[in-house]
Amino acid sequence: MIQRLFTPLLALMLFLQLSASVYASENIKVTMSLSSFWEVSENHLPVTAWVESKYPIRSVKASIDSTEVDLRVCSYEGPYCGEIPLGGIAYGEKTVIVKVEDVEGGTAAAQTTYVHLPNPELQVIEPLENSVVTDGRLHVRMNVLSNASNPNIYGDLRDDRGNTFSPFEGTDHVDEWVDVPGSYGSSASLYARLTDDTGMSTAYRSKLYIENNPRLQQVYSIGETGPFDIVAYDEARVFALSNNKLYQIVRSDGTKTEIPSAPIGERFGGGFHLTPAGLLFSVTDPYDQDKTYFWNGTEARELADPIESDVQTQGNMALYHSGEYGSQWVWLNLETGEARRYPLSQFSSAYLESGGDLLTVQGDAIKRWRTDGTEEVVLTGQSGIESLISDGGRIVFKQAGVESLHAYDGGQVETVAQGPVGTYLAAGGWIAYTAPAGGDSKQAFLRSPQGESRQVTSSGSEAIVKELQPDGELAVVDGADLYVARAGAREPERLTSYYVGKVQHANGKWYKGLGRTLFEIRTGAADTEAPVWPSADALTVQEVTYNSALLQWQPATDNAAVEQYRIYQGESLIGSVAGSVYAYPAVGLQPASTYTFSIEAVDAAGNVSAVTPALKVSTPAQSAVDTSAPVWPSQEGALTVQDVTYSSVKLAWIPALDDTGVSAYRVYRGTELLDTVSGAVYNYSVTGLAPETLYEFGVRAVDAAGNAGPAAAASVTTAAYGPVTQTPAVSLQLKSGFLAKGSPVEVTVRSDQAADLYAFLLRLQYDRSWLKLNTVTLHGEFGKEKKDAVLSATGLQAETVGLTGSLLGSVPGKNGSVGLVTLKFTALQNGGTELRLLSSSLADSQGNVRQAAQPQVLTIQIGRGDFDHDGVIGLSDLVLISQAYGSAKGDAGYDPAFDLNSDARVDLTDVQYIAGRVSAGA
């Protein structure tokens with residue numbers, strides 16, 4: 001949240017003047033200043049006036065131009081204070097006038113000058129509002145955009161008690177990593193202020209969640225700006241609140257839909273209950289009217305019976321109390337809208353079973369009301385039944401008074417535990433409950449289907465059983481944290497804080513939605529093994545200039561996977577990259593200076609490599625004036641034209657030479673500048689050309705000083721229009737990098753010989769036991785989704801996925817080698833698996849459709865290295881891959897089994913990877 005504020009002290013010091021006292025009558029004296037004792041409203045000017053008068057004061061007014069406001073007494077027998085709104089007042093030097101009138105008609109005035117300037121603009125890049133800190137460090141990045149004279153940025157973090165920590169500051173920008181102390185379940189606020197020498201300032205504040213927990217692994221985060229808080233989620237969607245609005249966001253592509261409802265104030269009540277058919281939620285509108293809605297994915301339907309309390313959901317069925325003071329039970333089929341209403345007095349307890357049937361207690365009997373409208377008596381002769389539940393096989397209930405726990409499986413009633421029993425659950429024959437255990441606080445117990453009970457918790461806190469799985473896995477809240485106890489485990493595992501964020505279990509895993517981020521909570525033994533570098537000199541440097549250096553390193557290895565690399569300049573953290581990235585550009589260096597760089601490898605559990613590869617880099621001196629323009633190694637043939645069609649060509653050029661390096665290439669059609677590309681790019685596709693037309697193209701190299709070299713030129717005549725008859729080729733390309741269980745796997749589907757490619761249809765198949773599909777996105781070479789292209793995906797939760805993409809508008813198709821889509825998976829186990837492109841169809845801008853030549857199969861090897869198949873990666877494997885060193889795809893001796901990072905050659909990186917694995921296992 002950004003506020004533009006006036007800084008009174010700076011204003012007073014820099015450009016505001018106190019006027020001399022002015023006597024319009026001998027009975028009134030007034031002085032003034034443009035200051036305040038507190039922060040004032042956005043885009044307002046504070047005014048304070050001190051008045052001495054013989055008679056009572058009738059009015060004190062302040063004005064700029066035609067804008068006038070009343071000033072009020074701001075403290076007992078103190079000055080008069082107020083704010084003048086600055087909206088609509090022209091910029092420049094202004095006169096601020098304070099006029100005072102007493103009850104006798106006497107007047108006096110004072111005035112001073114004020115320079116009205118635009119407010120400075122502060123851009124906050126990181127962190128986004130409601131971000132989560134999980135590793136004790138926070139990257140703060142801010143820029144001054146405009147309207148600031150000699151700017152200064154300063155800020156800090158503040159906990160809930162107002163204590164400040166982790167300060168940061170900068171002039172025109174901030175780019176710092178700050179330490180964030182704290183553990184589970186706390187929060188903080190980030191405060192920042194931009195000031196300038198005119199006395200104006202901009203303030204920023206945002207909330208942060210602190211969950212320094214190595215068990216949390218991010219699986220999704222909302223990328224848009226805004227104070228998003230996730231309130232519900234499943235495999236495909238998240239639902240989040242932001243600025244009192246509720247949104248549905250599709251996880252695969254980020255599509256955001258605002259969920260319409262009644263006028264929503266600041267209060268959401270009744271919780272959020274996500275079912276397969278949609279989201280059930282309640283709001284309290286500004287008129288204190290409770291309303292309940294059901295969102296089915298396309299519309300929000302207001303329910304006739306608003307939720308009052310006690311909501312249960314099973315599948316697409318819901319049961320809850322409604323009416324004033326919860327005067328009735330409402331059973332509701334959310335999919336069909338069918339509702340059944342029962343007076344609250346009819347049942348003393350009710351439970352919604354998994355199939356939608358309703359279990360009720362009526363007097364001394366338990367009845368089942370079936371979804372088809374029939375009913376049956378399940379059990380009679382049981383007085384004092386309360387709070388019954390069911391796991392589908394047995395009914396569990398508590399007996400009032402003694403509060404003992406009992407179970408009924410259709411044969412006889414069995415006592416599970418003597419009272420007083422607290423919370424309890426049932427699933428798959430297991431029963432979990434809380435009861436006293438040698439003290440006043442209730443502890444959690446777990447009873448097996450065979451009738452054996454064991455105590456799960458033993459703290460001094462009151463335990464609450466929260467979720468029980470059919471295999472006996474029990475989630476318990478003990479204190480403020482969530483613990484999981486597995487059948488047969490001796491001690492429960494502490495997973496995360498429970499009351500901050502939304503924790504739930506799905507598909508055998510635990511998840512937590514916190515702020516704008518969704519995490520998977522890893523269970524099992526904690527990972528304490530740190531990543532290992534192949535050697536102490538794994539870090540190298542290339543492309544050193546007077547102000548930059550490109551750092552590169554060999555991949556570190558880890559028993560799970562390297563999640564990120566942290567890069568340091570001296571003792572300062574200057575950046576971090578994903579575990580699949582092995583290079584980082586260090587910029588902003590000084591000429592003729594020496595720097596020490598180092599790098600850390602970090603896994604998902606937060607383990608940091610013990611060895612820290614480091615090196616020293618010396619930058620050369622900068623030439624006083626760079627007047628040398630780039631040159632082509634050979635002017636002849638420097639620019640060539642490829643892939644000529646009736647509407648497009650591809651330009652390719654050789655790298656130009658320059659004493660300080662080429663920073664950019666300018667591409668021309670005739671004398672028209674088409675585009676400017678990076679100095680590391682050596683080709684450019686030109687589209688939108690006319691058939692059978694002669695074109696002249698040119699490319700000029702430019703260095704950082706702006707020196708432009710001579711143009712490399714080429715001419716070409718486009719082909720005549722006609723449908724392309726060749727069979728298109730579509731391929732699967734695996735992103736290079738080492739793969740192991742838990743590693744990200746990225747695959748791009750490409751059209752290798754596209755000609756006027758306008759739309760595509762793909763069908764792919766993969767094995768879900770080996771790969772988990774996370775996202776499917778449109779490749780940037782084809783277009784930007786929802787801007788100039790669209791992508792539709794079906795079957796994302798199945799093993800066969802259908803993908804359709806198309807350009808938008810009357811535009812020519814794509815040509816040459818074009819990326820279509822990118823699929824991102826997670827490797828679930830080590831070994832070999834396949835991704836199959838079953839079929840592919842491509843269409844040009846005229847609607848001509850062509851089928852690809854044949855299905856494609858991409859073999860993905862995960863966790864390779866045991867070349868001799870003896871069950872371990874050992875010295876003999878190192879010998880085998882070392883002997884294959886230097887071979888490349890197409891060579892007679894090339895074996896892809898040794899190409900571990902899938903870059904079409906067996907290089908030093910592959911060999912060093914195996915050497916690191918052998919060393920780590922020694």
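Is threonine 275 buried or exposed? Threonine 275 is buried, with a relative accessible area of 2%; buried means under 20% relative accessible area, exposed over 50%, and partly exposed in between, computed with a 1.4 Å probe on protein chains only. The model is a predicted one, in which local features need pLDDT of at least 70 and side-chain atom pairs count only at pLDDT 80 or more, while totals for chains, interfaces and linings use all residues. Residues are numbered from 1 along each chain as its sequence is written, and side-chain values use heavy atoms, with hydrogens and water left out.

Threonine 275 belongs to strand 23 (residues 267-275). Helices (H or I, at least four residues) and strands (E, at least two) are DSSP runs, numbered from the N terminus. Not counting residues up to four places away in sequence, threonine 275 touches Arg237, Phe294, Thr313, Gly315, Asn316 and Leu334, where contact means heavy atoms within 4.5 Å. With asparagine 316, the side chain of threonine 275 makes a polar contact of 3.4 Å. A polar contact is a pair of N or O atoms within 3.5 Å; within protein, one must be able to donate a hydrogen and the other to accept it, and residues adjacent in sequence count only if both atoms are side-chain atoms.

In strand 21, valine 250 is the bridge partner of arginine 237. Strand 20 (residues 237-242) and strand 21 (residues 245-250) pair in the antiparallel sense over 6 bridges; two strands pair if DSSP finds at least two bridges between them. An open sheet of 4 strands, antiparallel in its pairing, has the order 19-20-21-22. Its edge strands, each pairing on one side only, are strand 19 (229-233) and strand 22 (256-258).

Another open sheet has 4 strands in the order 60-59-62-63, again with antiparallel pairing. Strand 60 (672-678) and strand 63 (712-717) are the edge strands, each pairing on one side only. Strand 62 (residues 694-703) pairs with strand 63 in the antiparallel sense over 6 bridges, and valine 699 stands opposite alanine 712 in strand 63.

Helix 2 (residues 875-883) has the buried residues Asp877, Leu878 and Ile881. Seen down the helix axis, these buried residues fall within an arc of 100 degrees, so they line one face of helix 2; the arc is that of the directions from the helix axis to the C-beta atoms. Leu875 and Gln883 are exposed residues on the face turned away from the buried side of helix 2.

Charged pairs come next. Side chains of opposite charge can pair when their charged atoms come close. The structure holds 29 salt bridges, a salt bridge being a side-chain nitrogen of Lys or Arg within 4 Å of a carboxyl oxygen of Asp or Glu. One of them joins lysine 512 and glutamate 211, with the closest N and O atoms 3.1 Å apart. This pair links distant parts of the chain, 301 residues apart: lysine 512 is in strand 48 (residues 509-514), and glutamate 211 is in the loop between strand 17 (200-210) and strand 18 (216-221). Lysine 512 is buried at 0% relative accessible area, and glutamate 211 is buried at 0% relative accessibility.

Arginine 72 and aspartate 70 also meet in a salt bridge (3.9 Å, N to O). Arginine 72 is exposed at 56% relative accessibility, whereas aspartate 70 is partly exposed at 36%. A network of salt bridges links Glu353, Asp357, Arg368, Arg370 and Glu376.
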